[in-house]
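Subject: Structure handover

Hello,

Here is the structure I promised to pass on. My notes follow below it.

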Amino acid sequence: MTHPEVRLAIAGRSNNHLCAMDKSRQPNKRVSLAGMHIDRASAVPLHLQIAAHIRGCILRGVFPAGTQFLGSREIARELGCSRTVVLTAWDLLYAEGYLESTPRGSVMVASVATPHAEPPSVASPAAVPAHMSKRWQSLLAFDYETNWPSEFSPGAPDISTFPFKDWSRLLRQTWQNPREQECLDLPPEGHPRLRSEIANFLGSVRGLVCAPEEVVVTSGTSGALDFCSRMILDPGDEVWVEEPGFVEARWALTAAGAKLVPVPVDDKGLVVSEGIRRAPGARLIVVTPSHQYPLGVSMGLERRLELLDWANKNDVWVIEDDYNSEFRHQDSMIASLRSLDREGRVIYFGTFSKIMMPNLRLGYIVANRHFIDGFSKGRARIDVHTSGVGQLALAEFMREGHLLRHLRGMRRAYATRRKALIDAIATLMPDDLTVSAAVTGLHLVALFTEAMRARMSDREATASLKQAGIHVQPLSQNFLEQPTLQGLVFGYGRLRVEDASPLLARIAACIGSSSRNASSDPAISSRTVRTIKRGRADRGA
């Protein structure tokens, strides 16, 4: 197909002008795409971003039928991309019927386009096909702001300093001349060498003593929870989940047909007595004791012993998600719940997604050997095993010490970023936000003060920030019941230290109170940092 010269550019104030444009007046006037926001850090290719922008404008009536665009070279120049990107976006819209060519070779909105027809929302009931199971429909019904790639994505690690040179060397060495058996199916519990290295790693980093035979290699925490849920639960079985808690865990449990029972979390972790009161017949408990998500509190020893005692007496399994526990920025490492387990009730989850990179999709389970045996036999009938491509390379990567060296370096980097974020919040928004006490992981929670709660909810705040191009998650979306806390969840794994204050200044300008005005005076800002008590910055809720 010949590419008619077409280009789009519009956003902000331009939209209002085009909405009012009468196609009967100046029908040959060509519009631009100047001002369209392109997110170059996004995983979505540029041509798809451009196509989505144009498609949305057509459906909203901003670009009525007959609207002509500037040439592809002009649009590429305006957007700062190659002409090929623009032409590829147009090709897609031609194929979908949104665009057509004019007799003079220009690009215009097709006459069959239907302005004002909003595309259906994926979350709307009408968008759910009737053949989906009720369990699947309830899974899709979760209202949750996804983890957009941004400076504040909770749990997103920094991969810029990862030793890719060593990793690629080991991948190359492993697969240049592999043994025949390694190219065939692996055991469902994972390659023996990697299981052995994971056991050694847990002993040195987490103080968790286990045998390789008690380790299973998985495709990450979500996949492991999916398998364990189906293994342990029958549809309708009750499961304790933390309130607020990790939404992704609830998805897997819901898909398995579990009945979720929200159990509140206080400054000592999961309130066991309340869980017993709400669901004494529960079959499973899912907790994040070393670093509760999202509040970041650690479960105290007394509460841990209480939980284990009740689980043992009532034949209940406990899944311990040791979320980001490797990154503890103050004090000593907290022992895992499984380290206290003497009855084999605790199933320990770990992952390499945060230490290395998310798309590696490698994690592990540690459990008693009877559980591992049943897990492996069942998995062999459903999933066979985790992809073997990275297993051998990872085993060598760990054996040569690269993982531990990288982990030590990232601990220092994340601690520095955490401090920069806390200082920026304390300086720029002391009257609006109070930082939680979390000293582990890659995120912190900034709770709304009473004055802030009186002005807006955290969902309203995140919506305002999203319009300004800042993606932060609202704390309230992590509640199953009516939220008892309001706040913002800030990830700092990808946050650059020098960006902390400028970004918080933008947030203060969008949602902050008069506290941001005081921060404009450097002397006042400096004095504010000195006078804010450490307890306020580090103790929080």
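Start with Pro294, which sits in the loop between strand E9 (284-287) and helix H12 (301-313). Helices (H or I, at least four residues) and strands (E, at least two) are DSSP runs, numbered from the N terminus. The peptide bond from Tyr293 to Pro294 is cis, with omega near 10°. The bond from Glu243 to Pro244 is also cis, with omega near 0°. Pro244 belongs to the loop between strand E6 (238-243) and helix H10 (247-255).

This is a predicted model: local features need pLDDT of at least 70, side-chain atom pairs count only at pLDDT 80 or more, and totals for chains, interfaces and linings use all residues. Residues are numbered from 1 along each chain as its sequence is written, and side-chain values use heavy atoms, without hydrogens and water.

Next, positive phi. Asp315 has phi near 55° and is not a glycine. Its loop runs between H12 and strand E10 (317-321). Arg361 has a positive phi of about 55°, in the loop between strands E11 (346-351) and E12 (363-366).

Now strand E16 (residues 487-491). Five of its five residues are buried, so E16 is largely enclosed by the rest of the structure. Buried means under 20% relative accessible area, exposed over 50%, partly exposed in between (1.4 Å probe, protein chains only). E14 (residues 443-448) runs antiparallel to E16, joined by five bridges. There, His443 stands opposite Gly491. E15 (residues 473-474) also pairs antiparallel with E16, over two bridges. Pairing requires at least two DSSP bridges between two strands.

Best wishes
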